[in-house]
Amino acid sequence: MEIKIKDKFIKLGQAMKLAGFVGSGLDAKIIIKDGLVKVNGEMDTRRGRKLYPGDTFEFEGKTVTVR
C-alpha cells in the first residue's frame, strides 16, 4: 500500500490515519506508544516521527510506503 503526500514530510500519527489504520490521533498515539508500529523496519514509539517519501511503516503485518 502507498500513501501520497503533498508536503515534504508527514508525521507518523497522521500517516496512520491517512492509511486507515486508526480512526483518531488518540488511537494512533496509543498504538505507537505501545510499540506496535515499525518505521523502516525498526520499532518507533514517537507519534511525531517525520516520514519522508521512500519511508515505510508497518502495523499488523501491513506495510505502507510514503510517496
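**Entry 1: ground rules.** I noted that this is a predicted model, in which local features need pLDDT of at least 70 and side-chain atom pairs count only at pLDDT 80 or more, while totals for chains, interfaces and linings use all residues. Residues are numbered from 1 along each chain as its sequence is written, and side-chain values use heavy atoms, with hydrogens and water left out.

**Entry 2: the sheet.** I looked up the strands, which, like helices, are DSSP runs numbered from the N terminus (helices are H or I with at least four residues, strands E with at least two). Two strands pair if DSSP finds at least two bridges between them. I found five strands in an open sheet with mixed pairing, in the order β1-β7-β6-β3-β4. Because β1 (2-3) and β4 (42-43) stand at the edges with a single partner strand each, one side of each has no neighbour in the sheet.

**Entry 3: strand β6.** I followed β6 (residues 56-59) to its partners: three bridges join this strand to β3 (residues 37-39), and the two run antiparallel. Four bridges join β6 to β7, again antiparallel. Opposite Glu58 of β6 I found Lys38, and Glu58 also stands opposite Thr63 in β7. Between β6 and β7, which form a hairpin, there are two residues, and Glu60 in this turn has a positive phi of about 50°.

**Entry 4: the core.** A nonpolar core is a set of buried Ala, Val, Leu, Ile, Met, Phe, Trp, Tyr and Cys residues joined through side-chain atoms within 4.5 Å. The largest one here has 19 residues, and Leu12, Met16, Phe21, Val37, Leu51 and Phe57 have the most contacts inside it. At least two residues of this core come from each of α1 (12-18), α2 (25-33), β3, β6 and β7 (62-66).

**Entry 5: the rings.** I searched for aromatic pairs (rings of Phe, Tyr and Trp, the last by its six-membered ring, with centres within 6.5 Å; stacked if the planes are under 30 degrees apart, edge-to-face if over 60, and tilted for the rest). The whole structure has three such pairs. The rings of Phe21 and Phe57 are edge-to-face, because their centres are 6.0 Å apart and their planes stand at 80°. Phe21 lies in the loop between α1 and α2 and Phe57 in strand β6, 36 residues apart. Phe21 and Phe59 form a tilted pair, 5.7 Å centre to centre with 50° between the planes. Ring pairs link Phe21, Phe57 and Phe59 into a cluster.

**Entry 6: Asp44.** I placed Asp44 in the loop between β4 and β5 (50-51). With a relative accessible area of 6%, Asp44 is buried. I checked its side chain for polar contacts (N or O atoms within 3.5 Å; within protein, one must be able to donate a hydrogen and the other to accept it, and residues adjacent in sequence count only if both atoms are side-chain atoms). The Asp44 side chain makes such contacts with the side chain of Arg46 at 2.8 Å and with that of Arg49 at 2.5 Å.

Definitions and conventions:
Buried means under 20% relative accessible area, exposed over 50%, partly exposed in between (1.4 Å probe, protein chains only).
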